[in-house]
Amino acid sequence: PANNTLFKNIGYGQFQDVSGESGLDNPYLTTGTAIGDINNDGFVDLYEVNELDPTQLSNYCRLYKNNYSEIESNQMNWIKVKLEGVQSNRNGIGSRVEIVIDDIIQIQDVICGDSYSSQSSLILSFGARHYEVIDSITIKWPSGIIDTFNNIPVNQILSIIEGSGDNLSIETMKPFDFSISLIYPNPFNPTTTVVYQVPEYANIS
């Protein structure tokens with residue numbers, strides 16, 4: 001079989017071959033590919049479905065972790081969208097999600113059965129580069145309902161219920177770092193105040 005190939009989107013309709021540096025440049029009999037954020041760090045990982053062939057190494061499926069956040073000092077932001085249909089199907093399959101950041105439009109569809117013997121995550125991931133706010137997110141559901149949300153902070157998972165309008169549900173994510181600066185009174189009598197700081201926007205519970 002031919003070696004697998006991975007292309008990087010560098011914008012303006014152009015792609016760069018990064019097969020060698022990615023580690024995917026292998027002569028496996030790959031028949032399916034699934035993508036999704038396996039470790040919930042905001043960066044999409046890749047699962048490779050390989051079939052039996054005379055090459056023994058090809059007889060295993062492989063999961064490739066996106067280690068961008070570990071090797072790059074210039075960190076990029078992201079946003080993830082998880083849909084729940086009401087009039088449409090529960091997983092929102094067939095929905096179109098459009099996000100706008102500084103007049104740049106990104107579009108993804110929630111689809112299933114997109115690859116042989118594999119299924120990509122139904123949670124859509126969008127890159128936000130260095131921007132800290134998404135200007136708008138629009139969901140066009142199969143039912144014809146359209147939900148639009150504005151000024152959404154990055155680096156979070158949005159759980160959106162069909163027809164919810166501006167009522168967003170933000171999934172709690174564990175911050176990478178945090179600090180507690182003051183607790184008073186100590187001991188508690190009968191209540192106390194905790195002053196804390198996290199490095200980025202996050203829900204605290």
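These legends walk through a few close-up views of a predicted model.

In this predicted model, local features need pLDDT of at least 70 and side-chain atom pairs count only at pLDDT 80 or more, while totals for chains, interfaces and linings use all residues. Residues are numbered from 1 along each chain as its sequence is written, and side-chain values use heavy atoms, with hydrogens and water left out.

**View 1. An open sheet of three strands, in the order S3-S4-S5**.
The pairing here is antiparallel; two strands pair if DSSP finds at least two bridges between them. Strands are DSSP runs of E with at least two residues, helices are runs of H or I with at least four, and both are numbered from the N terminus. S3 and S5 (62–64) sit at the edges with a single partner strand each, so one side of each has no neighbour in the sheet. From one strand to the next, the twist averages 20° (axes are lines fitted to C-alpha atoms, for helices over the stretch in contact, and angles run from 0 to 180 degrees between N-to-C directions).

**View 2. Strand S4 and its bridges to S3 and S5**.
S3 and S4 run antiparallel and are joined by six bridges. One of the bridge pairs is Thr30 with Asn50 of S4. Over on the S5 side, S4 pairs in the antiparallel sense through three bridges.

**View 3. Asp37, in the loop between S3 (30–36) and S4 (45–50)**.
Asp37 counts as buried because its relative accessibility is 14%. Its side chain reaches the backbone nitrogen of Gly42 at 2.7 Å, a polar contact, which means a pair of N or O atoms within 3.5 Å; within protein, one must be able to donate a hydrogen and the other to accept it, and residues adjacent in sequence count only if both atoms are side-chain atoms. Leaving aside neighbours within four places in sequence, Asp37 is in contact (heavy atoms within 4.5 Å) with Gly42, Phe43, Val44, Asp45 and Lys80. Ser125 is 88 residues away along the chain, yet its C-alpha atom is 7.9 Å from that of Asp37.

**View 4. Asn26, in the loop between helix H1 (19–22) and S3**.
With 19% relative accessibility, Asn26 counts as buried. Not counting residues up to four places away in sequence, Asn26 touches Ala2, Asn3, Asn4 and Tyr64.

Technical notes: Buried < 20%, exposed > 50% of the residue type's maximum accessible area, 1.4 Å probe, protein only.
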